[in-house]
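I opened my notebook to record what I looked up in one model, entry by entry. I wanted to keep each term beside the place where I used it.

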Amino acid sequence: ANTAKDDNTLSTLLPATNSTPNEFSYDPENPVPTHGGQISTHTEIRGPKDRRSVQERTDVLVYTTDPLTEDTEVTGPVEMKLYAASTAVNTDFTATLTDVHPDGAAIHICEGIRGVTFRESLENPTFIEPGEVYEYTISLWETSYVFFTGHRIRLEISSSNFPRFARNQNTEHPFGMSAEMKTVRQTIYHDSQYPSHLTLPVIPKIY
């Protein structure tokens, strides 16, 4: 699933039992750049930006639907359930929703991030065990958007979105207390045992 050039599907079908997980390396010294989003600063990168350049990176996993056969309204909270493992004890996972136009433009809709140590509690963070699979809930906040006929819905999964979010340095040190950074390997699962999935609040037509 690395880069938008690969043929990786976002589908309503249940995942296969033997679906192969996807992997990528996250290097905090070369984070995925913020390009679009609901931010009040950095006027040059905020808003509905075309993320094609970001989706060409090998540290960004990309999953795309077939062209839509009808207009599809999404209104409400967007949420990602992610089953993932890492070689780190502390890292982040990100999710970004984009609208792929017929000309290929991939326009930012909404996004979210989850620090793995906060998977169970915001008040009492705990490290993860390297190599173990955990379930993470990533809120992409809310949206109200219509994906038009012929457009495609695309999901990005990665581990950074900088400078909107501070880089996770992938170490056991307290945040901001060390200059050490580690490159780690992330594994994303999407099979019948670990069914990673995106929940979209699709509004049915009433006419």
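The entries below go from the ground rules to a sheet, one of its strands, some charged pairs and a loop residue.

**Ground rules**

I noted that this is a predicted model, in which local features need pLDDT of at least 70 and side-chain atom pairs count only at pLDDT 80 or more, while totals for chains, interfaces and linings use all residues. I also noted that residues are numbered from 1 along each chain as its sequence is written, and that side-chain values use heavy atoms, with hydrogens and water left out.

**The sheet**

I looked up an open sheet of 4 strands and found the order β2-β7-β4-β5, with antiparallel pairing. Its edge strands are β2 (61-64) and β5 (106-115), each of which pairs on one side only. From one strand to the next the twist averages 20°, where axes are lines fitted to C-alpha atoms (for helices over the stretch in contact) and angles run from 0 to 180 degrees between N-to-C directions. Strands here are DSSP runs of E with at least two residues, helices are runs of H or I with at least four, and both are numbered from the N terminus. Two strands pair if DSSP finds at least two bridges between them. I reminded myself that strands of a sheet pair through backbone hydrogen bonds, either parallel or antiparallel.

**Strand β4 and its partners**

I then followed β4 (residues 92-100), which pairs with β7 (residues 152-158) in the antiparallel sense over 7 bridges. On that side, Ala 95 has Ile 157 as its bridge partner, and Thr 96 stands opposite Glu 156. Towards β5, which also runs antiparallel to β4, I found 9 bridges, and there Phe 93 has Arg 114 as its bridge partner. The strands β4 and β5 form a hairpin with 5 residues between them, and Gly 104 in the turn has a positive phi of about 100°.

Is β4 enclosed or open to the outside? I found that 9 of its 9 residues are buried, so β4 is largely enclosed by the rest of the structure; buried means under 20% relative accessible area, exposed over 50%, and partly exposed in between, with a 1.4 Å probe and protein chains only. In a regular strand the side chains alternate between the two faces of the sheet. Both faces of β4 are covered, with residues including Thr 94 and Thr 96 buried on one side and Leu 97 and Asp 99 among those buried on the other.

**Asp 99**

I stopped at Asp 99, which lies in β4 and counts as buried because its relative accessible area is 1%. Leaving aside neighbours within four places in sequence, its contacts (heavy atoms within 4.5 Å) include Ala 105, Tyr 145, Phe 147 and His 151. The side chains of Asp 99 and His 151 are joined by a polar contact of 3.0 Å; this term means a pair of N or O atoms within 3.5 Å, where within protein one must be able to donate a hydrogen and the other to accept it, and residues adjacent in sequence count only if both atoms are side-chain atoms.

**Salt bridges**

I found 7 salt bridges in the structure, each being a side-chain nitrogen of Lys or Arg within 4 Å of a carboxyl oxygen of Asp or Glu. Arg 51 and Glu 156 meet in one of them at 2.8 Å, N to O. Arg 51 lies in the loop between β1 (22-26) and β2 and Glu 156 in β7, so the pair ties together parts that are 105 residues apart in sequence. Both Arg 51 and Glu 156 are buried.

Arg 164 forms a salt bridge with Glu 111, with the closest N and O atoms 2.3 Å apart. This pair links the loop between β7 and β8, where Arg 164 sits, to Glu 111 in β5, 53 residues apart. Arg 164 counts as partly exposed at 25% relative accessibility, whereas Glu 111 counts as buried at 1%.

**Asp 191**

Last, I looked at Asp 191, in the loop between β8 (184-189) and β9 (197-199). Which side chain of opposite charge is nearest to Asp 191? It is Lys 81, 16 Å away, and Asp 191 is buried yet has no salt bridge; for charge, Lys and Arg count as positive and Asp and Glu as negative, while His and the chain ends are not counted. The side chain of Asp 191 does reach the backbone nitrogen of Tyr 194 at 2.6 Å, and one of its polar atoms lies 3.0 Å from the backbone nitrogen of Gln 193.
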